[in-house]
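Here is a short briefing for a reader new to this structure. Please look at the sequence and the model first, then read on.

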Amino acid sequence: MSVGERDPVTGHMTTGHEWNGIKELHTPVPKPVWFFLIAFTLFGVIWVLLMPSFPYGTGYFKGWLGVDQKQTVAERLQEGSADRAAWVARIDSEDFATILKDGELMPIVRETGHTLFGDNCAACHGIGGTGNSGYPNLGSAPMLWGDDPQTIAQTIAVGINGADPQTRVSQMLAFGRDQMLERPAILQLVTYVRSLSGLEEKTAENAAAIDAGRELFAQNCVSCHGEDAKGLKDVGAPDLTDRFWIYGSGREAVYQSIYGGRQGHMPSWGLRLSPLDIKILTLYIIDLREQQRATGGSGT
Ligand code: HEC
Ligand code: HEC
């Protein structure tokens with residue numbers, strides 16, 4: 001057993017151990033280390049006593065505080081579904097007009113509708129329903145089949161050229177491909193149709209085409225698009241006199257519509273979504289349209 005001595009450089013005692021002339025200093029563990037060691041050990045012991053911790057044969061020590069995460073989750077879920085049940089029942093039973101005026105239900109409709117729309121509809125109609133070529137803008141374009149709530153809900157449920165036996169059927173005939181009209185006639189119709197919404201001014205050069213187009217239109221198109229070309233809701237034929245176009249307003253796009261026909265396909269959502277979801281989506285779309293009208297929404 002060797003005896004420690006004071007180290008002349010640091011002033012600390014040595015342990016008295018020596019290896020080839022190297023002596024080991026006897027330095028104490030720093031105070032902060034002791035402090036944290038004790039503090040954390042105490043915290044650990046207290047925590048173990050307060051919270052659910054040690055398992056034993058048939059169960060586990062539940063802790064003095066009686067905290068039970070499982071129970072908390074179950075309670076929260078129950079609260080959540082009680083809340084949900086309350087507004088679900090109201091949206092289910094109240095009519096469209098009442099819900100649209102309800103300051104409590106509409107925020108829920110907007111939030112739930114936004115999610116439902118994002119999951120099911122935005123891929124075609126765009127986020128916020130702003131539309132894409134071939135997919136109408138649901139916020140501002142006139143509804144092909146009618147825009148009262150029941151009709152919109154019905155359109156969503158049965159779809160357009162969809163799988164439901166009740167589906168709405170939309171058939172713009174392929175006048176060119178099916179050889180009902182020759183290319184020159186179609187070109188005259190393109191000029192006439194575009195003139196209806198002011199896209200082509202009547203000039204000396206196109207006056208003859210517009211007049212010929214009007215004739216052709218009366219013979220071939222009014223049965224679906226109406227005498228005044230403002231569309232017929234029974235067959236889902238669009239108004240050709242407004243600024244909204246599903247497939248584009250350029251000469252080439254209008255030519256393609258008349259030459260090759262158009263059959264927009266909209267899934268029959270009644271086969272996939274609940275009546276409640278469809279009602280929420282209908283309210284969401286009507287609300288979108290009201291907001292756009294209020295802010296003077298533009299676009300096709
Ligand atoms: C696969 C693409 C696609 C998806 C997904 C889709 N739609 Fe459509 N939707 C269309 C097309 C195409 C039209 C226009 C049909 C036409 O031109 O005749 C349309 C038209 C509509 C219309 C207008 C009907 C009218 O009278 O003008 C509404 C309302 C509508 N969709 C709602 C929805 C809702 C709500 C969803 C989501 C649940 C949805 N759509 C999902 C393709 C889609
Ligand atoms: C059998 C009914 C029917 C007849 C006849 C018909 N259309 Fe259509 N037309 C439709 C329908 C329905 C649509 C909408 C198709 C869609 O959205 O999928 C449409 C769409 C169009 C479009 C595209 C509009 C857009 O917003 O992009 C043009 C242009 C058009 N028709 C012009 C004509 C012209 C010109 C004729 C006559 C030569 C004609 N249609 C005859 C039913 C008809």
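The axes of helix 2 (residues 69-93) and helix 4 cross at roughly 95° and come within 11 Å of each other. Helix 2 is therefore roughly perpendicular to helix 4. This is a predicted model, in which local features need pLDDT of at least 70, side-chain atom pairs count only at pLDDT 80 or more, and totals for chains, interfaces and linings use all residues. Residues are numbered from 1 along each chain as its sequence is written, chains are lettered from A and ligands numbered from 1 in the order in which they are written, and side-chain values use heavy atoms, with hydrogens and water left out.

**Terms for helices and strands**

- Helices (H or I, at least four residues) and strands (E, at least two) are DSSP runs, numbered from the N terminus.
- Axes are lines fitted to C-alpha atoms, for helices over the stretch in contact, and angles run from 0 to 180 degrees between N-to-C directions.
- Angles under 35 degrees count as roughly parallel, over 145 as roughly antiparallel, 65 to 115 as roughly perpendicular and the rest as oblique.

**Helix 2 with helix 4**

- W87, R90 and I91 of helix 2 meet L105, I108, V109 and T112 of helix 4; contact means heavy atoms within 4.5 Å.
- By class, this contact has five nonpolar, one polar and one charged residues.
- Ala, Val, Leu, Ile, Met, Phe, Trp, Tyr, Cys and Pro count as nonpolar, Asp, Glu, Lys and Arg as charged, and the others, Gly among them, as polar.

**Helix 7 with helix 8**

- Helix 7 packs on helix 8 (residues 207-220) at an angle of about 95°, and their axes are 7 Å apart.
- Helix 7 is therefore roughly perpendicular to helix 8.
- On the helix 7 side the contact holds A185, Q188, L189, T191, Y192, V193 and S195.
- They meet A209, I210, A212, G213, R214, L216 and F217 in helix 8.
- The contact of helix 7 with helix 8 has nine nonpolar, four polar and one charged residues.

**Helix 7 with helix 10**

- The axes of helix 7 (residues 183-196) and helix 10 (residues 251-260) come within 9 Å and cross at roughly 120°.
- That angle is why helix 7 is oblique to helix 10.
- R183, I186, L187, L189, V190, T191, V193 and R194 in helix 7 touch R251, V254, Y255, I258 and Y259 in helix 10.
- The residues of this contact divide into nine nonpolar, one polar and three charged.

**Strands 1 and 2**

- Strand 1 (residues 14-19) and strand 2 (residues 22-25) run antiparallel and are joined by three bridges; two strands pair if DSSP finds at least two bridges between them.
- T14 stands opposite L25 in strand 2, and E18 stands opposite K23 in strand 2.
- Two residues lie between the strands of this hairpin, where N20 takes a positive phi near 45°.

**Positive phi in loops**

- Most residues other than glycine have a negative phi.
- N161 is not a glycine, yet its phi is positive, near 50°.
- N161 sits in the loop between helix 6 (149-158) and helix 7.
- A229, also not a glycine, has a positive phi of about 60°.
- A229 is in the loop between helix 9 (222-225) and helix 10.

**UniProt annotations**

- UniProt positions are given in the numbering used here, feature names are shortened, and annotations may be inferred rather than shown by experiment.
- An unreviewed UniProt entry lists residues 33-52 as "transmembrane region".
- Residues 33-52 are 90% helix and 0% strand, and their end C-alpha atoms are 29 Å apart.
- The unreviewed UniProt entry lists residues 108-197 and 208-289 under "domain: Cytochrome c".
- Residues 108-197 are 46% helix and 0% strand, with end C-alpha atoms 39 Å apart.
- Residues 208-289 are 51% helix and 0% strand, with end C-alpha atoms 40 Å apart.
- The unreviewed UniProt entry places a "binding site" at C121, C124, H125 and M266.
- These residues are spread over 146 residues of sequence but cluster in space, with a largest C-alpha distance of 10.2 Å.
- C121 is in the loop between helix 4 (105-120) and helix 5 (122-125).
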